[in-house]
Every structure is written in C-alpha cells, then in structure tokens.
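The sequence and the structure come just below.

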Amino acid sequence: MELSEAIRTGYFDYLQGVVSAPGYDAYALPENTPYPYWLVSSQTEVQREVTDGKVYDATVLIDIVTGSMDPIGRDQAEGIADEIEAIINPDNGNDIDISAYGYVIGDTNREQGFDSFARSGSFYIFRKLIRYRHIIYKI
C-alpha cells in the first residue's frame, strides 16, 4: 500500500466512530454534510537517507470544522481536537498501528495548530487545523 494511503487508512481505522464527530477524506466530503466534522486533509511524505530500509518524515493535517447560528464552534472544535489528540498523539507514546499496511509509526508529535473563524450574517464557521508529524518505517 502506498504510504499516504496507509496513513489515511490508519487514521480512519482509529478515529472513525470513536471521535464524537464523523470524519471524511478532504477530497470525498459529501455535499451538505452537517457540522461538526473532521477531515484528513493535506499530507506530506519525505524519505530520509538511511543505510538500511526506508524511513519517512510524514505529516497529516486534520481539519476540524464547526458551523452554527451561535458562536460555540471554538469550544466544540477544541473538544473534538482533544479526542483526536488522545488517539493520534497520546501521552503514553503508543502510536497508532499501521503495520497491517506495511509501515510502522516510530514517533508522533504535534507540529502545529491553527484556528480560523468566519462569520456570514448570523452563521459562524470555526476551523481548528492540527498538523501531526510522524517518523515512519517501511516493514
């Protein structure tokens, strides 16, 4: 399995149905999807130079999107972010297992977070974007 697909599949395996909002691939978001939801958005992979095997630096952007007539989206998005953080980057250091797809995650860290807010009339959109960095080994 190609690396980016393995990572995305692993994210969905571990997050879908566990996090309080549904998740989608950013390129497969159904039209008129109700808020809130999270997306596996942009990904990057760079192969490191090593003498044996293949090792990659990979990043995944998670986009949490809320929308409502009340400005409650920040709290809602932060709650969903806490749920995702506990699974993708837990305090105990146990990374998600993608070995069934031919790779092992050796390390995970939260590289960046960003909040975005928009208002249209009386409708509020809040987005929380979190980028995770992984060190991944091909098995």
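## Salt bridges

Arg 48, Asp 57, Glu 111 and Arg 133 are joined in a network of salt bridges, a salt bridge being a side-chain nitrogen of Lys or Arg within 4 Å of a carboxyl oxygen of Asp or Glu. The model is a predicted one, in which local features need pLDDT of at least 70 and side-chain atom pairs count only at pLDDT 80 or more, while totals for chains, interfaces and linings use all residues. Residues are numbered from 1 along each chain as its sequence is written, and side-chain values use heavy atoms, with hydrogens and water left out. By the salt-bridge rule the count comes to 8.

Arg 133 is partly exposed, with a relative accessible area of 26%, whereas Asp 57, at 18%, counts as buried; buried means under 20% relative accessible area, exposed over 50% and partly exposed in between, with a 1.4 Å probe and protein chains only.

Asp 115 forms another salt bridge, with Arg 74, at 3.4 Å between the closest N and O atoms, and this pair links distant parts of the chain, Asp 115 being in strand S4 and Arg 74 in helix H2, 41 residues apart. Asp 115 is partly exposed at 30% relative accessibility, and Arg 74 is partly exposed at 44%.

The side chains of Arg 8 and Asp 25 meet in a salt bridge of 3.2 Å, N to O, which links helix H1 to strand S1 (residues 23-25) across 17 residues. Arg 8, partly exposed at 23% relative accessibility, also has a polar contact of 2.8 Å with the side chain of Gln 43; a polar contact is a pair of N or O atoms within 3.5 Å, where within protein one must be able to donate a hydrogen and the other to accept it, and residues adjacent in sequence count only if both atoms are side-chain atoms.

Gln 43 belongs to strand S2, and a polar atom of its side chain lies 3.2 Å from the backbone oxygen of Ser 4. Leaving aside neighbours within four places in sequence, Gln 43 is in contact (heavy atoms within 4.5 Å) with Ser 4, Ile 7, Arg 8, Thr 59 and Val 60.

In H2, the buried residues are Gly 73, Ala 77, Ile 80, Ala 81, Ile 84, Glu 85, Ile 87 and Ile 88. They cover an arc of only 160° around the axis, taken from the directions from the helix axis to the C-beta atoms, so they sit on the same side of H2. On the other side of H2, Asp 75, Asp 82 and Ala 86 are exposed. The cover over the buried residues includes helix H1 (3-15) and strands S2 (37-48), S3 (55-68), S4 (103-120) and S5 (123-138).

A nonpolar core is a set of buried Ala, Val, Leu, Ile, Met, Phe, Trp, Tyr and Cys residues joined through side-chain atoms within 4.5 Å. Of the 29 residues in the largest such core, Tyr 11, Trp 38, Ile 62, Ile 64 and Ile 84 touch the most other members, and the largest share of this core, 6 residues, comes from H2.

Key. Helices (H or I, at least four residues) and strands (E, at least two) are DSSP runs, numbered from the N terminus.
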